[in-house]
Structures are given as C-alpha cells and as structure tokens.
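Please examine the sequence and the structure before reading on.

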Amino acid sequence: MKHNRSLVTFAAIAVPGVLVATTSFLTPLASGTLDRSPEQVRMPTADTRVICPGPLLTDKAAEGTDAEFVDDSNVSTRVVSATAPIGAADGSVSAARLQVADLGGAADFDNPASTGFVSGDDPVDSTKIVTGFARPGAPALTTALETVEGTSGDLTGLATLTCAAPASNFRIVAGSGQAGSNSQLLLSNPGTVPVQASIQVMSAAGARGEPTQLSIKAGAQRAVRLAGLAGDAAELAVDVSVDGGVLAGSVQETKLDGLTPQGIDLAATGADAADEQVLTGLSGKNVRVRVANPSGDLAEVGLKAYGPDGEYEVPRSSLTVVAGGVAEADLGELTDTSIVLTSSQPVQAAATVATNDGTGTGDFATLTATEDLADTQIMALPRTGTAQLYLSPGQGQVQVSGMRDDGTLTDPRTLDLAPTATTRISPSEVSPDAVRALVISGANAAGSQSGGVHASLLVNSETGLSAVMPAPAPAGVAYRDIRLG
C-alpha cells in the first residue's frame, strides 16, 4: 500500500556465519518537497509463542465418542524446543530466552538468553506452550517440535508437528470424516479469557452446512471429532475463525483398515491462500495432493512436478475445486518431488505420502505447502529415524547450519539449487556431529519455477513416516528508516 507522506525500508536479520546485518537509508526526496531528514527508529520485536497439542486423543477424550473404542497402543509423546543465536541491531549476538510451560499452568523450565539452546527430547503428558522472548532489536529465532511414536495397537506409526502459533483465523487442509479415519480438530486457547470459535468444514461438495460455534476456556484445549461435522466426506479442510482472542489449531488423524493400523498424523496450517502453492519432499507411495478453495468461484488448478532429475509428468496435471470446497489428485508413487500448483483463485494445498499402497500395516505423513524460504528460519529435528531435507527448484544458494546438543551452530553448508529439480540433503551431510535443529538461510536464493524457494523435511523410522515444516520466520526488524514530509 502506498502512502505519499512516508517511505520505509527494512533492516536484515543476521545469524552468525550465515548473514550480515545491514541497515539501509533512504535516498533524499526531490527539492521542493516538505522534507525532514530520515530518522532511524527502533521498532519493537515480538516474542514467538507456539502450542504443542500433547498426547494423541482417543475417541473417549473428544466429542462424539465411540463407547466401544479400546486404546491398547504403546504410544510416547515428546517435545523438543530450540532457540538459535541471532544478531541484534546493536551488533550483539545471542539466542532468545526460552520457556516451556503447561497450557494455562506452571513453567517446566525457563532458559535465559544464551549462545544457543536445545532442550532434551522431553516426554509430555499435556498440552505445552513454548515461548521465545525477543530481545530489544532482535526477534526470537525459536521453534518447538512434537513427536508421537506408536509401536503397537491401533495407534501405530510416527507423527511429528512443528508446533503452531496462535492466530485469529486459520485453515488446516487435513482430515477425513469417513469410516476408518478418526480425525479430531484440536483447539488450544493460550489466553486468560474464554474465546468463541467458528468452525466451517470444507468438503468435495463445498462448505458443509452452517459453521459450528463453540467456546474454548482460558488456558484449555478442546477437541472436536470431524466425523460429527462431515461424516461421509473422504477429504476435508477446516476453516477456523476466532472471536475475542486467538487459538492454536491442529488436526490429529489416525487410520484403520478394519483392524489393521494405517498410521497416525498431526497437521497444522500451511501457507496462506494464494494463486500459487508449493509442496516439496513428496517421496513415498500413494501420494495425494489436496487443494482447498476458500473463494466464492470455481478454481482451476494446474500441477507441475519436479523430481531429482528435472521436470516430469505425473498422472494428474490439473484439477477443479468447487467454491468453498476441496479436491484431491492421486499421483501414485513419487520420489524426491516438488509440486508447483497454479490456480485461477487463491487456494491452499497439502499432500499426504504413505509407506505402502494401503495393504498391510502402514503409516502416512502430511506435508503442507509452505511460505517462501526467508532469510533465516529454524527447524527442530525429531530424535528418531533418518531425515532428508528437501528444497524446491530455485536459483542461487541456500545455507544450512546444524545446532548441536549444546546449542552451538556448525559451520554452514552451502547448497547450490537446481533450476528444474528438487535438491535433497540429510542432516548428517550438514555436519558429522549430531544435530538437533537446522538453521536455514534463503537470503541468496530465488525460486525458478515459483515465486520463492520452499523447504520441508521427511522422516522415516521403524515405526513409520512423518514430515516436519520449518518454523515461520521470526517477526520484527531491528530498525526502520522513516521520513516524514
């Protein structure tokens, strides 16, 4: 938006060994204008706050319960949090103070500002709120990751979730109302007063009835079984708007084929609705791309696929999504692939990949479309299985540093992007040391087949398959140069 009385430029954020902090000044206005010299104004930085939903809920813990459900699973739930060093406007460098607490309760720990910190892979039995406290002139480069592993029973599989920040409006492209799928929307209120939520379920036929209204108590989490809102819908998206506060949301889904476990998963919101969406890291069987169309008009969506060796054809190159609805494209088995979607209307996208084709015990993972890779982002790693980091086609270079157990950063590894192919690297290739998080810089990268470069991480373990998305870039800039006329 233009304003004829002020111009603004932004300073860059720095991570040691990755970026150099800069502060820019404005070119003087033409003579004859009402002019003041530019003033450098320190802008406030925001704390980061995310919520990890905690252990998987069975039907008995959610609305619309099945009285015959018996949970005989061996399931562990853990949360790892990390805070990485970042440069401040005054030239100092440190990592933000990091606190982990029960939602609405006491703190588990409160680690002061440091040179970098990674928590233990701590078992949890409740919903957790993780806060990174910004320093003056420097935002908090922090993240938290929840890992759920089920080794027996109906809840067999692996689920990971980059814990989500609360918001007043969000959409999650995940879940199903069909038999065999137990999908629950988890809503957490970090505030001190109750809030009202309006929930609109989107299906292949469009919006399902009138929005459902419910209240979430202060410092509490509430679960809603999606089959109660759209019992016959194979694929869903859930639109949530909040009155009187903010909520953090995620969708938990567990699948059974009769008595055979088909996996567990956690999903949160991805990139905002736009006419372009990018998914990367699609590597597995039974890959399905799901698109939600929140607009009031039909959306025509095109799909292009880029594997490790370049662009190639997939079984579906387009799909049509009704207004207020969702649609899926079955792409079969893919390897190390990025999908670029272009649409006639703003849409949101996600994809699922599976360990098998639906026969026998299996697991699945949801990958959401992500925002363009920013100058500096962080991604915590699950302490299980083997992981691969994927980058969508681009130009230039991306730098990746690892965070060790003691919070220190490894030297950055520079990756040359491929203009028409997906780039892949494992954390073990970043550093021979064990790393617990990745700090990623896209400052010197640009998208070649899309507006930006996109990243995701896919994890394979003995228990299953899951995906990790980067935490959004931290909010806040060090300085703005403001000229008032």
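## Strand β31 and its partners

In this predicted model, strands β31 and β34 run antiparallel to each other and are joined by five bridges. One of the residue pairs is Gln399 with its bridge partner Ser441 in β34.

Strand β31 also pairs with β32 (residues 413–416), again in the antiparallel sense, over four bridges. Here Gln397 has Asp416 in β32 as its bridge partner. A further antiparallel pairing, over three bridges, links β31 to β35 (residues 445–447). Within β35, Ala445 stands opposite Gly396.

How many of the ten residues of β31 are buried? Seven of them are, and the strand is thus described as mostly covered.

## The largest nonpolar core

The largest nonpolar core contains 37 residues. Ile378, Leu389, Leu438 and Leu457 touch the most other members. Elements that give two or more residues to this core are β4 (75–83), β29 (377–380), β30 (386–391), β31 (394–403), β34 (437–441) and β36 (455–460). Which of these elements gives the most? The answer is β34, with four residues.

Leu438 illustrates the packing. Not counting residues up to four places away in sequence, its contacts include Ile378, Leu389 and Leu457. Val400, Ser401 and Gly402 are also among the residues that Leu438 touches.

## A separate core

Another core, of 31 residues, lies apart from the largest one. Among its members are Val321, Val347, Leu367 and Leu458.

Key. Residues numbered from 1 in each chain as written. Predicted model: local features only at pLDDT ≥ 70, side-chain atom pairs only at ≥ 80, totals over all residues. Heavy atoms only, no water. Core = buried A, V, L, I, M, F, W, Y, C linked by side-chain atoms within 4.5 Å. Buried < 20%, exposed > 50% of the residue type's maximum accessible area, 1.4 Å probe, protein only. Contact = heavy atoms within 4.5 Å. Pairing = 2+ DSSP bridges.
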